[in-house]
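The following note sets out several points on the model shown below.

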Amino acid sequence: MWNESLKNDLHMNDADISKMLLFFHRVGMLLYFDEDNLKETIILDIQWFSNAFKCIIAFHVDQKDSDIDRERFQNTGELDDKKLEELWKRKENEGYIKHKEKILPYMEQLGLLAICNTESPDTKEIRTWYYIPSMNNRSYEINDEEFSKSSILCFQLVDEGQLPVFVFYRAIVKCMKIPEWSIFKIENKNCIYENVACFSYGHLLVKICFCAYQIQVQVCFPKGESIDKELEIIQTSICIKIIEFENYNFEIGYKCANGKFNDDNDNSFISLKRFPVSQMKCEKCTVLHYVKNEICWVTTEKSEDQGKYSSILHVKRLPGCY
């Protein structure tokens, strides 16, 4: 609207307007994402947006609510849509509920929460709820000893320093949107924990965890099966999500056959760029053994591999993402 009110020689085209808004986003003056479902909304008051989220996470200490509701939220980070509306209506003067449909997609884009829709097996009704990763303090408790397990795919932080936990939160929120993936459940409870998230992909169990310098992925499957094709699909699906991160460079690789999932003391890593290997000794293990090409989830032909994944080995710094 303001652009049309300017003189013709001062008009800005859509591309220039987007570049300007992305610059203001990067320097912290506003929030803006140049994506189809978000670019029509610009959040000018970042503090107001932050307070809207603060209103949600303060729920677990609000004595106005029942202990059952608060304890469930505090332990799992799961919040029903009706409860969220109730919380925001208490701050009616702030306008959170009025702008709910604009605020929530922005919070999801930033990895603050995931918007989830679950169909009731009995009534077939769709229930909307939210997952707030930073509130989850459940310990991983799945016994998967009866399954065969894949090698461990790793996204390792290239830069020095520990991987911030909110990067893992964003990764989990994005993985919730991968087609054909769903949250793994046991006894109708979502298997999402403080530092591990479990997803169903067909009949496979996909586990994603956060360690000091890595985001790790391992797949559990019935004994006797071969899942080579599925592993490549899973790796590609996660890579597409990870590459969207800004300010964090990752390298793709794997742990050797002796590697341990979700173990901060195991820092083993073999870069994807080194495959296919030939007579390569494992540099991390105290027991001498050779690295096998079978631990790599993708076709180990360098002529194909490096072209397919070269843009993913070091994640691009994209504007408009935290």
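1. Strand 5 (residues 153-157) is largely enclosed by the rest of the structure, because four of its five residues are buried. Buried here denotes under 20% relative accessible area, exposed over 50%, and partly exposed in between (1.4 Å probe, protein chains only). Helices (H or I, at least four residues) and strands (E, at least two) are DSSP runs, numbered from the N terminus.

2. This is a predicted model, in which local features need pLDDT of at least 70 and side-chain atom pairs count only at pLDDT 80 or more, while totals for chains, interfaces and linings use all residues. Residues are numbered from 1 along each chain as its sequence is written, and side-chain values use heavy atoms, with hydrogens and water left out.

3. Strand 5 runs antiparallel to strand 11 (residues 214-221), to which it is joined by four bridges; two strands pair if DSSP finds at least two bridges between them. Within strand 11, isoleucine 215 is the residue opposite phenylalanine 155. Strand 5 is also antiparallel to strand 12, with five bridges between them. Phenylalanine 250 of strand 12 is the bridge partner of leucine 157.

4. How many salt bridges does a search of the whole structure find? The search returns 14, a salt bridge being a side-chain nitrogen of Lys or Arg within 4 Å of a carboxyl oxygen of Asp or Glu.

5. One of these involves lysine 83 and glutamate 86, whose closest N and O atoms are 3.3 Å apart. Both residues belong to helix 4 (residues 81-89) and are three residues apart, about one turn of the helix. Lysine 83 is buried, at 13% relative accessibility, whereas glutamate 86 is partly exposed at 34%. Glutamate 86 also forms a salt bridge with arginine 90 (2.9 Å, N to O). Arginine 90 is partly exposed, its relative accessible area being 31%.

6. A further salt bridge links the side chains of lysine 255 and aspartate 266 (3.8 Å, N to O). Both residues lie in the loop between strand 12 (250-254) and strand 13 (270-271), so the pair ties together parts that are eleven residues apart in sequence. Lysine 255 and aspartate 266 are both buried.

7. The disulfide count is zero, the criterion being a pair of cysteine sulfur atoms within 2.5 Å. Cysteine 282 is buried, with a relative accessible area of 10%, and cysteine 296 is buried at 9% relative accessibility.
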